[in-house]
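Here is a short briefing to read alongside the model. Have the sequence and the 3D view open, and let's walk through the main points together.

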Amino acid sequence: MFNHVPHHPPLPLPCSSAHHHADSSCYFSDHAFEGQNQIPFYKNNNRILDDDDSSLLEEAFSRVSLTPQQNTPDFLGQRSTLFSFDEQGFNDNYPFLSSVPSMQHQQEINNNIEMMQKKLAFLNTNQQHSNTVTVPMPYHQREFNDNNRTNNGVVRIPQRWFQRSFSTVFHLRGKILHLAKTQCGCRVLQNSMEGLTSKEEVSVFFRELVVDGDNVVELMGHCFGNYVFQKLVEICNEEQITAIVFNATNNAIKFVNLCLDIHGTRSVQKLLEHVTKQEQRSFVISALTPSVVTLSTHMNGLHVVDHCVKHFSSEHTKYMLKIVAANIFKIATDKSGCCVIQQFVDHSEGDSKDQLMAGIIVNAPLLAQHCYGNYVVQHLVSLKIARVTKSLMKHLEGKFVSISCNKYGSNVVEKFFQDSGDCHSRTIILEILRFPNLPMLLVDPYANFVISSAVIVSQGGTREELLKVIKQHSLMMRRNHYGKKLIGRLRKFLCHV
């Protein structure tokens, strides 16, 4: 600490008034300590520095400590390294070097804050994006122990979200459809509909969104509106659900396009979850049945068809099943369609199911070798229905060797070994053993897996015949990558031959 500064040179005078307006502040060019956070001295509007002030400044600098304090925010909210001094006495004796804003500056800040708070109070009645807003405050007014304070003295002011009440809900008349199509508005509407039980309140939303059929279809397919629609379905009663279903399915083409849309399919699925009456289901099936092939082969539409198959009765879906059976190959060879076919097989009954399985069996030779169709054939085999397995064996007889050499067909043959039973497995193995070029199958990239499965499931003389062929051609197999793999998998069987 410096107690006295005896020979400090006098500070230069302010800039000449010839170049500056009399009311403006002019900074000195020199500072107290070079290389530190200097304290600028300026000409105050009420007092001009003269030679007599030099002694006052010397006394001020005698109070300055050269020991830096911790980084603390100044009154502008910035961080800097300050020197410690007697702030109260310094401000009293040297008002032109005050460390806090002037009264005029402070009044302007308070006026700005008051105006901002009035605007926020007005905005509380409109759309908001978050639960809180932040208002910066001057440093000397900040309360550092306030729980609502954030970094840099920013104070959180809780924001009043849309308050649901009878008057507020009714006040939305004429605005609901517009709000539902905006990102913020759809959230406000969802919050306002949360837990509504009053018929009067629900009817406000229902009349504006549903009574006009075009509105409900547009809302269901909207990127934001679909969320409002899903929330609306949850609070509507049976009569209102019936009206929604009727208006949505009145135009079958628009309804099918909704099912194919990424947003519309969510709305339709949500609607189907609340469809319980026969009349409602009839409206839906009538609109979907003509386009079931398109829906089944679409990544969004398949979910709608899947819901109908699982939750609607066979009586409602029988006409849909007939169309699917007539287009079985087109649907089963599609990435989405192969999943729909399996659901139809699992949930259909009676003649409709027999007709569907007959279509799969007839196309089994082609489906078994298709990248998606093979799953349909495997699913049919896994059902372990004797008459179905027998029919499949009949249609695939004489083709098992070629199917075994196919990347996807080899899985079908292994599925037969697993689920068809010993009799059918022995029939397939004998067909393979009769193949003239059997050694080729031992080193085939896919058929070698079929041979391996055949050895595992076979018994007695059939297994011995297979192992004998493998041992005869073991030298050739050891020179081939797939042959070596096959010998390695069957080592425990070959050691007993």
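The largest nonpolar core has 107 residues, and those touching the most other members are Phe-205, Ile-244, Leu-271, Leu-288, Ile-341, Phe-344 and Phe-416. Such a core is a set of buried Ala, Val, Leu, Ile, Met, Phe, Trp, Tyr and Cys residues joined through side-chain atoms within 4.5 Å. This is a predicted model, in which local features need pLDDT of at least 70 and side-chain atom pairs count only at pLDDT 80 or more, while totals for chains, interfaces and linings use all residues. Residues are numbered from 1 along each chain as its sequence is written, and side-chain values use heavy atoms, with hydrogens and water left out.

**Core and overall make-up**

- Leu-288, one of the core residues with the most partners, touches Phe-255, Cys-259, Leu-295, Val-304, Cys-308 and Met-320, with residues up to four places away in sequence not counted. Contact here means heavy atoms within 4.5 Å.
- In soluble globular proteins, nonpolar side chains tend to be buried together.
- Of the 497 residues in the protein, 42% are buried. The classes follow relative accessible area with a 1.4 Å probe and protein chains only: buried is under 20%, exposed is over 50%, and partly exposed is in between.
- The protein has 31 helices and four strands. Both are DSSP runs numbered from the N terminus, with helices being H or I of at least four residues and strands being E of at least two.
- Among contacts with a separation of 6 or more, 67% are between residues 24 or more positions apart.
- The accessible surface is about 27,800 Å², and carbon and sulfur atoms hold 51% of it. Accessible areas come from the Shrake-Rupley method with a 1.4 Å probe, and for residues only the protein chains shown count as cover.

- Residues 171–207 are 70% helix and 0% strand, with end C-alpha atoms 14 Å apart.
- Residues 395–431 are 76% helix and 0% strand, and their end C-alpha atoms also lie 14 Å apart.

- Helix H7 (residues 199–209) is largely enclosed by the rest of the structure, because eight of its 11 residues are buried. Those buried residues are Glu-201, Val-202, Ser-203, Val-204, Phe-205, Phe-206, Glu-208 and Leu-209.
- Asn-215 lies in helix H8 (residues 213–220) and is buried, with a relative accessible area of 15%. Beyond its neighbours within four places in sequence, Asn-215 is in contact with Leu-177, Glu-208 and Leu-209.
- His-178 belongs to helix H5 (residues 176–180) and counts as exposed, at 56% relative accessibility. His-178 and Gly-225 are 47 residues apart in sequence, with 9.3 Å between their C-alpha atoms.

**Aromatic pairs**

- The structure holds two aromatic pairs. Rings of Phe, Tyr and Trp (its six-membered ring) pair if their centres lie within 6.5 Å; planes under 30 degrees apart count as stacked, over 60 as edge-to-face and the rest as tilted.
- Phe-246 and Phe-283 form an edge-to-face pair, 5.6 Å centre to centre with 65 degrees between the planes. This pair links distant parts of the chain, with Phe-246 in helix H10 (residues 238–249) and Phe-283 in helix H13 (residues 278–288), 37 residues apart.
- Phe-246 is partly exposed at 41% relative accessibility, and Phe-283 is partly exposed at 25%.
- Phe-400 and Phe-416 form an edge-to-face pair, 5.8 Å centre to centre with 90 degrees between the planes. Phe-400 is in helix H23 (residues 400–404) and Phe-416 in helix H24 (residues 409–419), 16 residues apart.
- Phe-400 is buried at 2% relative accessibility, and Phe-416 is buried at 0%.

**Cysteines**

- The structure holds zero disulfides, a disulfide being a pair of cysteine sulfur atoms within 2.5 Å.
- The closest cysteine sulfur to that of Cys-184 is in Cys-186, 8.1 Å away, which is too far for a bond. Cys-184 is buried, at 5% relative accessibility.
- Cys-405 is partly exposed, with a relative accessible area of 25%.

**Leu-438 in helix H26**

- Leu-438 is part of helix H26 (residues 438–442) and is buried at 7% relative accessibility.
- Apart from neighbours within four places in sequence, Leu-438 is in contact with Ile-432, Leu-433 and Val-469.
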